[in-house]
Amino acid sequence: MSELLESLLYAALYCLAGIALLAGGFVTMDLLTPGRLGARIYTERSINAALIVGAEFLGLGAIAFTTIWTNGSAGVGAALAWTLAFGVLGIALQAVSFLVLDAITPGSLRAIAVEQALHPGAIVAASAMLAVSAIVCASIA
C-alpha cells in the first residue's frame with residue numbers, strides 16, 4: 001500500500017509541475033499579445049488565441065511527458081528538475097519562435113493572435129509552437 005501512495009504522490013508532484021509550466025506558458029503568451037489573453041479567449045472568443053495557446057499547451061505537455069518518461073528512473077527529484085528545466089526552456093523557445101515569426105511576416109502576428117476570426121497566421125504560429133516543442137523533446141530523448 002505504501003508503494004501505491006508513493007506513486008500517487010509522485011504523480012501529483014509531476015502534475016503540479018506540469019500545471020505550473022502551463023501557467024507559465026500562458027502568462028508568457030499573455031505578455032506577448034495585446035490585451036488580456038484570458039479575456040480574448042473566453043469573453044471575445046478568439047479562435048486564434050485559443051489555437052495558439054492550445055498548441056503551446058500540447059507542446060509543453062509533450063516536453064513534460066518526455067522528461068518524466070526518460071528521467072523517471074533517476075528518482076522523482078531528478079525527474080522533476082529535468083521537467084521544470086526543460087519546460088522553462090520550452091516556454092522561452094516558444095516565445096522566441098513567436099517573436100521571430102512576428103518579425104519576419106507581414107503585419108502583426110501579435111495582433112492576429114487575438115483576432116476573433118480564424119487567420120492563417122495563427123495556424124502557422126501554432127505549428128511553430130508544436131515544432132519547437134518537438135525539437136526540445138528530441139533533445140531530451
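**Helix packing and cores**

Mentor: Start with one pair in this predicted model. The axes of helix 3 (residues 47–71) and helix 4 (residues 76–104) come within 9 Å of each other, and they cross at roughly 150 degrees.
Trainee: So how does helix 3 run relative to helix 4, parallel or antiparallel?
Mentor: Angles over 145 count as roughly antiparallel. That makes helix 3 roughly antiparallel to helix 4.
Trainee: And is the crossing of helix 3 and helix 4 left-handed or right-handed?
Mentor: The crossing is right-handed.
Trainee: Which residues of helix 3 and helix 4 make the contact?
Mentor: From helix 3, Ile52, Glu56, Gly59, Leu60, Ile63, Ala64, Thr67, Ile68 and Asn71. From helix 4, Ala79, Trp82, Thr83, Phe86, Gly87, Gly90, Ile91, Gln94 and Phe98.

Trainee: What does Gln94 touch?
Mentor: Glu56, Gly59, Leu60, Met129, Val132 and Ser133. That list leaves out residues up to four places away in sequence.

Trainee: Let's zoom out. How many helices and strands does the protein have?
Mentor: Six helices and zero strands. Reading from the N terminus, the elements go α-α-α-α-α-α.
Trainee: What box do the C-alpha atoms fill?
Mentor: Roughly 55 × 30 × 20 Å, taken along the principal axes.
Trainee: What share of the residues counts as buried?
Mentor: 38% of the 141 residues.
Trainee: And what share of the contacts comes from residues 24 or more positions apart?
Mentor: 76%, among contacts with a separation of 6 or more.

Trainee: Back to packing. At what angle do helix 1 and helix 4 pack?
Mentor: About 15 degrees, with their axes 10 Å apart. That makes helix 1 roughly parallel to helix 4. Helix 1 passes helix 4 in a right-handed crossing.
Trainee: Which residues meet between helix 1 and helix 4?
Mentor: The helix 1 side includes Tyr10, Leu13, Tyr14, Ala17 and Leu21. The residues of the contact of helix 1 with helix 4 divide into 16 nonpolar, five polar and no charged.
Trainee: And at what angle do helix 1 and helix 3 pack?
Mentor: About 145 degrees, again with axes 10 Å apart. Helix 1 passes helix 3 in a right-handed crossing. Tyr14, Leu21, Leu22, Gly25, Phe26 and Met29 of helix 1 make the contact with Ile52, Val53, Glu56, Phe57, Leu60 and Ile68 of helix 3. In the contact of helix 1 with helix 3, 10 residues are nonpolar, one is polar and one is charged.

Trainee: Now the core. Which residues touch the most other members of the largest nonpolar core?
Mentor: Met29, Leu37, Ile52, Phe98, Ala125 and Met129, out of 18 residues in that core. The elements giving two or more residues to this core are helix 1 (2–32), helix 2 (37–42), helix 3, helix 4 and helix 6 (120–140).
Trainee: Take Met129. What does Met129 touch?
Mentor: Met29, Ile52, Ala55, Glu56, Gln94 and Phe98, not counting residues up to four places away in sequence.

Trainee: Two quick ones. Is Thr66 buried or exposed?
Mentor: Thr66 lies in helix 3. Thr66 counts as buried, at 12% relative accessibility. Leaving aside neighbours within four places in sequence, Thr66 is in contact with Cys137, Ile140 and Ala141.
Trainee: And where is Ala81?
Mentor: Ala81 is in helix 4. At 45% relative accessibility, Ala81 counts as partly exposed. Ala81 and Thr67 are 14 residues apart in sequence, and their C-alpha atoms are 9.2 Å apart in space.

Terms used
Residues numbered from 1 in each chain as written. Predicted model: local features only at pLDDT ≥ 70, side-chain atom pairs only at ≥ 80, totals over all residues. Heavy atoms only, no water. Axes fitted to C-alpha atoms, helices over the stretch in contact; angles between N-to-C directions. Helix = DSSP H or I, 4+ residues; strand = E, 2+ residues; numbered from the N terminus. Parallel < 35°, antiparallel > 145°, perpendicular 65-115°, else oblique. Left-handed = near helix turned anticlockwise from the far one by under 90°. Contact = heavy atoms within 4.5 Å. Core = buried A, V, L, I, M, F, W, Y, C linked by side-chain atoms within 4.5 Å. Buried < 20%, exposed > 50% of the residue type's maximum accessible area, 1.4 Å probe, protein only. Nonpolar A, V, L, I, M, F, W, Y, C, P; charged D, E, K, R; others polar.
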